[in-house]
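Please look at the sequence and the model first.

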Amino acid sequence: MESTTPNPTSTAAAELLTCANAKLLLDSVDAFLFDCDGVIWKGDKLIDGIPETLEMLRSKGKKLVFVTNNSTKSRIQYANKFRTLGLSVSQDEIFSSSFAAAMYLKVNQFPPQKKVYVIGGEGIVQELQLAGFTALGGPEDGEKRAQWKSNCLFEHDKDVAAVVVGLDPDINYYKLQYGTLCIRENPGCLFIATNRDSVGHMTDLQEWPGAGCMVGAICGSTEREPVVVGKPSTFMMEFLLQKFNLSTSRMCMVGDRLDTDILFGQNAGCKTLLVLSGVTTKSILDDPSNKIQPDYYTNKVSDILGLLGE
Amino acid sequence: MVTKAVVSVSVAASITITSSKLLINPAHRFLCLKRLSSFNSFSASSLAIKWRGISSCSSNKSGTAMEGFTTRTRASAQPLENADELISSVETFIFDCDGVIWKGDKLIDGVPETLDMLRSKGKRLVFVTNNSTKSRKQYGKKFETLGLNVGEEEIFASSFAAAAYLKSIDFPKDKKVYVIGEDGILKELELAGFQYLGGPEDGGKKIELKPGFLMEHDEEVGAVVVGFDRYFNYYKVQYGTLCIRENPGCLFIATNRDAVTHLTDAQEWAGGGSMVGAICGSTQREPLVVGKPSTFMMDYLADKFGILKSQICMVGDRLDTDILFGQNGGCKTLLVLSGVTTLSMLQSPSNSIQPDFYTNKISDFLAPKAATV
């Protein structure tokens, strides 16, 4: 399975969500796929009106799925986060890029005796372990320091056959060097990126560098491009489809990023709804340099509730 | 998903460069490249192409990503058979350092005698390194420690290039520079009279991504300089990213984009290209590169010493920085095999960068007949 090349199919301008088209949208889809950061929450704060909106959609028989590029948590950890925020979401309904990385290795028959070096958070490490793989690196390498005395060799495990890179707030030179050596010197070593988002709302008050930063660092030192398993790659869609017996044309992707969420939805043949509660503003959407137009746009998810007069 | 190879100084493409200082209007003043002298021949459009070519270079190990450069088909590199002829044909030798003069902290065989011989023939010697960890003064000390007679004014490190670039565009002294890099850059900025923030001490700062936490950044930062940084961390990435994304007109300058570097002679280490790649990833912008293969340093020293580029021979061990630097500048080029490049890499079908000559090491200059490669 490979990640597909992004190919926007629609260039007609996005329509503002209104009472009329919200009803049409609801009737034409059986499942809503939600991004999380900037759509459901910002950092650890729920965006207004989310619980009621999700409840309404469920009550109308719509399936809900959460597809997030944030790889710092595993699906189980995300289910816990939802619960802490008062939302009832099961881990089966969550598709994180941490899960996608582990699944990519699984479907490509990554040998279990080989190891995976992780530049990223606990989420990736956990998903790899759940899938039966040996993970090195991760958060604990955040404390390690390289030595550069002339007789000191920076060692790396020759059994590492894949380096997975995701969002890593504990990024440091040690990890960059370890991942670089594995990719450059271990024959056939894979370079996998959970995603390449440039920034995201890791806290409620501002945007922070995303995995695109860590991935960019490794691209810079290895001169290689990674396989991207998260949005806009449709790799995760394959797993979604296995779970829900639905056509993608009966799904609506709801997200705050044009080059990941909306492109993902378009690549997979879903309807797309952009919310302006996250990283994208109306002026970014309208800018002539923007080539990605969702079907619809609105301020935030709870507008669906308001427009339907619920 | 491939990062767009769009140049942050693409505004230069629309400007015709003349011999006077070039300012569109005060708001854009430090978005424009000031021309360095009247006999520099680079045109605005070829400059824009070069920057684009440089940013797309990083995706290809052997430097075959040459789209955007006006390439002429080059003949294969010739083994250096007549060193005397090469020496007589040029006035100046520009040497890379790592892999040419030294490896880590060890001098390569025959270097002192070779440099002495060239000087005795009246040749000017210049040393151009992408390594930004030291200032020129600190490099001067390294040469001294290794027993080589080289003055600070003959050394051009990419740390110096960053400061020289800011000087050349009249970067305002009341603006600040945020540094993701090491001491060499800080020292050069200080010498040039610029205020800086960041550097190694920000390597100790930690982030806690908690609700209500806001990272502030200085709105007076007008440039972010990114180079090799062993104290790299998320705090610095966020600080640099905020400056570039939110301070209007903020420049993004890279000392260099080398993928790997020989910090120790035993192995390769992730290089400045890694830190620059990180900031490209979070800002979705391409930097202005002041180190090799950009010709900024070439133009600077040609101007400073009053030399014609056709009178220069560039000697280096890396194809995609040293040799490309020499070719971009219109110089003769000599590849030495005493560093990162092997003969099979040079001759590989996937390599499209052919220097004029190649030889084992610079002390081959001392042997009048061809050294066996």
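Two strands count as paired if DSSP finds at least two bridges between them. The model is a predicted one. In it, strand S10 of chain A, residues 190-193, pairs with S13(A) over two bridges, in the parallel sense. A:Ala193 has A:Val228 in S13(A) as its bridge partner.

This pair belongs to an open sheet of five strands in chain A, with the order S8-S7-S9-S10-S13 and parallel pairing. At its edges are strand S8 (134-137) and strand S13 (227-228) of chain A, each of which pairs on one side only.

Helices pack on this sheet. Helix H4 of chain A, residues 97-107, touches strand S7 (115-119), strand S9 (160-165), S10 and S13 of chain A. The direction of H4 makes about 145 degrees with that of S10(A). Helix H5 of chain A, residues 122-130, lies across S7, S8 and S9 of chain A and runs at about 165 degrees to S7(A).

H4 also has a part in covering another helix, H8 of chain A. Which residues of helix H8 (residues 235-243) of chain A are buried? They are A:Phe235, A:Met236, A:Met237, A:Phe239 and A:Leu240. Besides H4, their cover includes strand S2 (31-34), strand S5 (63-68), strand S6 (94-96), strand S14 (251-255) and helix H9 (258-268) of chain A.

Back at the sheet, the loop between S8 and S9 of chain A holds A:Asp157. A polar atom of the A:Asp157 side chain lies 2.8 Å from the backbone nitrogen of A:Asp159. Beyond its neighbours within four places in sequence, A:Asp157 contacts A:Lys115, A:Leu136, A:Tyr178, A:Cys182 and A:Asn186.

Note on methods. Residues are numbered from 1 along each chain as its sequence is written. Chains are lettered from A and ligands numbered from 1 in the order in which they are written. This is a predicted model: local features need pLDDT of at least 70, side-chain atom pairs count only at pLDDT 80 or more; totals for chains, interfaces and linings use all residues. Side-chain values use heavy atoms; hydrogens and water are left out. Helices (H or I, at least four residues) and strands (E, at least two) are DSSP runs, numbered from the N terminus. Contact means heavy atoms within 4.5 Å. Axes are lines fitted to C-alpha atoms, for helices over the stretch in contact, and angles run from 0 to 180 degrees between N-to-C directions. Buried means under 20% relative accessible area, exposed over 50%, partly exposed in between (1.4 Å probe, protein chains only). A polar contact is a pair of N or O atoms within 3.5 Å; within protein, one must be able to donate a hydrogen and the other to accept it, and residues adjacent in sequence count only if both atoms are side-chain atoms.
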